[in-house]
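User: Hello! I would like to go through this model with you and ask how some of its descriptions are reached.

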Amino acid sequence: DEPTRSLSGLILKNNVKAHYQSFPQPVAEFIKQECLNNIGDASSLIRATIGILITTIASKGELQMWPELLPQLCNLLNSEDYNTCEGAFGALQKICEDSSELLDSDALNRPLNVMIPKFLQFFKHCSPKIRSHAIACVNQFIMDRAQALMENIDTFIEHLFALAVDEDPEVRKNVCRALVMLLEVRIDRLIPHMHSIIQYMLQRTQDSDENVALEACEFWLTLAEQPICKEVLTSHLVQLIPILVNGMKYSEIDIILLKGDVEEDEAIPDSEQDIKPRFHKSRTVTLQHEEERPQDPDDVEDEDDDDTLSDWNLRKCSAAALDVLANVFREELLPHLLPLLKELLFHPEWVIKESGILVLGAIAEGCMQGMVPYLPELIPHLIQCLSDKKALVRSIACWTLSRYAHWVVSQPPDMYLKPLMTELLKRILDSNKRVQEAACSAFATLEEEACTELVPYLSFILDTLVFAFGKYQHKNLLILYDAIGTLADSVGHHLNQPEYIQKLMPPLIQKWNELKDEDKDLFPLLECLSSVATALQSGFLPYCEPVYQRCVTLVQKTLAQAMMYNQHPEQYEAPDKDFMIVALDLLSGLAEGLGCHVEQLVARSNIMTLLFQCMQDTMPEVRQSSFALLGDLTKACFVHVKPCIAEFMPILGTNLNPEFISVCNNATWAIGEICMQMGAEMQPYVQMVLNNLVEIINRPNTPKTLLENTG
């Protein structure tokens, strides 16, 4: 029974993974021998299982201890028996995937000098499965520019061209993958053939096999990053643009997977595995310029429009390619696009109209200047699409509108901002979860662009966001916290009005009380509360005591757990330090928002002792957040920091290491705040920090914020 045989092989593989070092020598030898004896099994499932077993043993550091493995596998490739040849190739492909660097090193006497020419011979084999293995093996060595491959590069490229129109989709996919990687590492060898390669990739991007089309579509993404892009691609845009636009339609299978026909699902709870883990971005302190919140360019990630299908697919790849090409060609793209867009955006079929809205969003960044004359007509049309009867049209309209938020905000508010905001707030309360998610993300982008322009509508906005609290399932709640936090960041102290506080705080505090200390949903909620506390300032006072206490508890629990783990790693689990980082950041938000009012809270807690430990943590993000908090406490209640200065200053001095740029930045900022409070009493500590600061200010390529803080 094949499944039983395969399962026994996988169980053996797991044992090898866990305990190979302690196998008795004869057992290890027996396994290795049997693997090689049975690599040509009649069943492809068993051949694949043995291949997995072989590469697992090999990656246990055994490639050096198993010198006969590679010669024997290469030898078996010559077998007349198809199964033996295919089994050996399957095993070799897995070894090449797992150990590519080792194979190209002196440790093994450079086996690639023999293997690569050998693999190239098999590009012409009569079996498509073997041809495909051969290309896949060589492909493993392109990105690392393996010497043996570079010496045979022209033969490799000739062989690839010979296989360009292979009838087997797997072979075509591997050919496309090879050309995309070569474009990145050996463009010099492709330039003489670039015209025909582009023609070939135009065909493959429309391949009947979606996997081939997807590999080919990557070519345009990679080409856009090459300086030569404009000169080689300009004459082909007229063919390429319609192909990319066509690839941006949802396929039938996408629509089924996305439950595109389910319009109302708000009452269905989320399954836990749909919720992607969130990572907290630790606080980085900058000198404030006219009270503006620092916007870190690394933090603005494009929220993609169909996140839950997070498998990369042709639609996403085509959209990403159009986006990067729009950034290369700017307005020159529009003559090829505008005629298509007109047809798509007003098309009666929803799938086609939806793809047009995606196209419009994809080019927003690159073609913004050229699009401006059309926006007065397009934005109202998109706002209308927000109430389309298809949920997938409503959700993409949210995303595309958010990509034009900057322009919307630059116009008189009654023209577009007000209608857009009114409609987006309705979508936040949509009966479809995907639309809720897209609307919340879009609204957060709009908040960042509009800032205080939103103040007149605050009451209306808060009513919507608070109503969503009672309506949302788990996943979207996490996005809602973000929209509320961004609102607080955007309008700042304008939020500090009794009627707004009355609306906003009860539901937030209710969630705060429901969540246990071990629940990761605390992360987004703590981040949100941090923004709210900073914005509300004294308005947050009635809520600060329990919030402050809990943050201190979270830090204390994490430190205690880390200590237990360090002493007895076999008995205890390592703690998730994100709990501590987020708590430190919320304490910073409290100190910043409450100012001197935080003094009595600090007086009644052991936060300074905990901070002393956090500042010495092995994890850079923990140190980064603790220095931010130290600086904020220095500003808010120096009386509690001052007794600790003698202990803290040497730690700050050792963290002036620009290898950890954000840690260094926050330590520098905290030292500056301490100096302002200490005045002449700073004298004994100058030597601890001065040399490092002088070194940082003279380093080339130091980021602006770090230079400002150092200065």
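Analyst: Happy to. A contact here means heavy atoms within 4.5 Å. In this predicted model, residues 24 or more positions apart account for 74% of the contacts with a separation of 6 or more.

User: What makes up the secondary structure of the protein?

Analyst: The protein has 39 helices and zero strands. Its C-alpha trace spans about 85 × 70 × 55 Å along the principal axes, and buried residues make up 55% of the 711 residues.

User: How do you know how confident the predictor is?

Analyst: pLDDT gives the predictor's confidence in each residue, from 0 to 100. The mean for the protein is 92, and 96% of its residues reach 70 or more. Over residues 289–309, however, the pLDDT is below 50, though this stretch has 35 contacts in the model beyond near neighbours in sequence.

User: What describes the packing of helix 17 and helix 19?

Analyst: Two packed helices are described by the angle between their axes and the distance between the axes. For helix 17 (residues 314–329) and helix 19 (residues 350–362), the angle is about 35 degrees and the axes are 8 Å apart. Their crossing is right-handed. R315, A319, L322 and D323 of helix 17 meet E354, L358, V359 and A362 of helix 19.

Definitions and conventions
Residues numbered from 1 in each chain as written. Predicted model: local features only at pLDDT ≥ 70, side-chain atom pairs only at ≥ 80, totals over all residues. Heavy atoms only, no water. Axes fitted to C-alpha atoms, helices over the stretch in contact; angles between N-to-C directions. Helix = DSSP H or I, 4+ residues; strand = E, 2+ residues; numbered from the N terminus. Left-handed = near helix turned anticlockwise from the far one by under 90°. Buried < 20%, exposed > 50% of the residue type's maximum accessible area, 1.4 Å probe, protein only.
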